[in-house]
Amino acid sequence: MSTSKLAPAVQHSPAAEKPATERVSARERLLTAASELFYEEGINTVGIDRVIAHAGVAKASLYSAFGSKDELIRAYLEAKFQARRERMLKKLATRDNPRDKLLGIYEVMAEIFEESDFRGCAFIRASAEAKPDSMISRACDSSRAWTRGLFLDLAREAGAANPEQLAQQLVVIYDGAIVTTQMDRDTSTATAARAMAAALIDAATRKPA
């Protein structure tokens, strides 16, 4: 069978495909621009026009893809959460027991601290700027609930006598290390946080003599 006879069957219409491709491309460019600007400068400081200019898209593209600035911020935070969640779970999957998984959380944190663009926790920063009960606040709460839940689940699996208390203590260390590193620009905080966490875990899971 000749190539010319096959051509009509596999031919695609560029005109039909182009709008969808452009929509995806514009959305991703906007999310990339939002991630860079919002994380660097804050969600309230950066206006829509700057995000649009940084992304190199038409203004209509933002409203077509997201509808509002708040929705763009929510999408930015959701992307941050998914990336952090996947990174964390990938690390934990390499560990054999709950204790090592708990300590693995602090090891991921240490890796993040070493990144050149580290500016603190995107959710702590966004939460401080968000209005109560806004979609932005709820996005921060959702991420926070997952983090607390991860610590609590692993504390239970580790056999802590009081898993709720241990999880709370480990979250406080986790939060404190993030803020300290952001403020002091000292990445060694992660090492201290891991050591404190290990001591707490061992004390909470130690069997009575």
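Is Val-108 buried or exposed? Val-108 is buried, with a relative accessible area of 1%; buried means under 20% relative accessible area, exposed over 50%, and partly exposed in between, with a 1.4 Å probe and protein chains only.

Before the next selection, please note that this is a predicted model, in which local features need pLDDT of at least 70 and side-chain atom pairs count only at pLDDT 80 or more, whereas totals for chains, interfaces and linings use all residues. Residues are numbered from 1 along each chain as its sequence is written, and side-chain values use heavy atoms, with hydrogens and water left out.

**Around Val-108**

Select helix α6, where Val-108 is found; helices (H or I, at least four residues) are DSSP runs, numbered from the N terminus. Leaving aside residues up to four places away in sequence, Val-108 touches Arg-87, Met-88 and Lys-91, where contact means heavy atoms within 4.5 Å. Then select Arg-84: its C-alpha lies 9.2 Å from that of Val-108, although the two residues are 24 apart in sequence.

**The largest pocket**

On a 1 Å grid over the protein atoms alone, a pocket is an open set of points with protein on both sides within 12 Å along at least five of seven lines, a cavity is a set of points where a 1.4 Å probe fits but cannot get out, and lining residues have an atom within 4 Å of a point. Grid points are joined across faces, edges and corners, and a volume is the space filled by probe spheres set on the points. Helix α8 supplies the largest share of the lining of the largest pocket, five residues. By class, that lining has 13 nonpolar, four polar and eight charged residues; Ala, Val, Leu, Ile, Met, Phe, Trp, Tyr, Cys and Pro count as nonpolar, Asp, Glu, Lys and Arg as charged, and the others, Gly among them, as polar.

Next, select Arg-84, Met-88, Ile-105, Trp-146, Thr-147, Leu-150, Phe-151 and Tyr-174, which line the second largest cavity. This cavity holds about 30 Å³ of space, and α8 gives the most to its lining, with four residues.

How far apart are the ring centres of Phe-151 and Tyr-174? The centres are 5.7 Å apart and the planes are at 70°, so the pair is edge-to-face; rings of Phe, Tyr and Trp (its six-membered ring) pair if their centres lie within 6.5 Å, with planes under 30 degrees apart counted as stacked, over 60 as edge-to-face and the rest as tilted. The pair links distant parts of the chain, with Phe-151 in helix α8 and Tyr-174 in helix α9, 23 residues apart. Phe-151 is buried at a relative accessible area of 0%, and Tyr-174 is buried at 8%.

**Charges over Tyr-39**

Finally, select Tyr-39, which is among the residues lining the largest cavity. Lys-80 lies over the face of Tyr-39, 4.2 Å from the ring centre, and the charged end of Arg-125 sits over this ring at 5.5 Å from its centre. A charge sits over a ring if NZ of Lys or CZ of Arg is within 6 Å of the ring centre and within 35 degrees of the ring normal.

Conventions: Helices (H or I, at least four residues) and strands (E, at least two) are DSSP runs, numbered from the N terminus.
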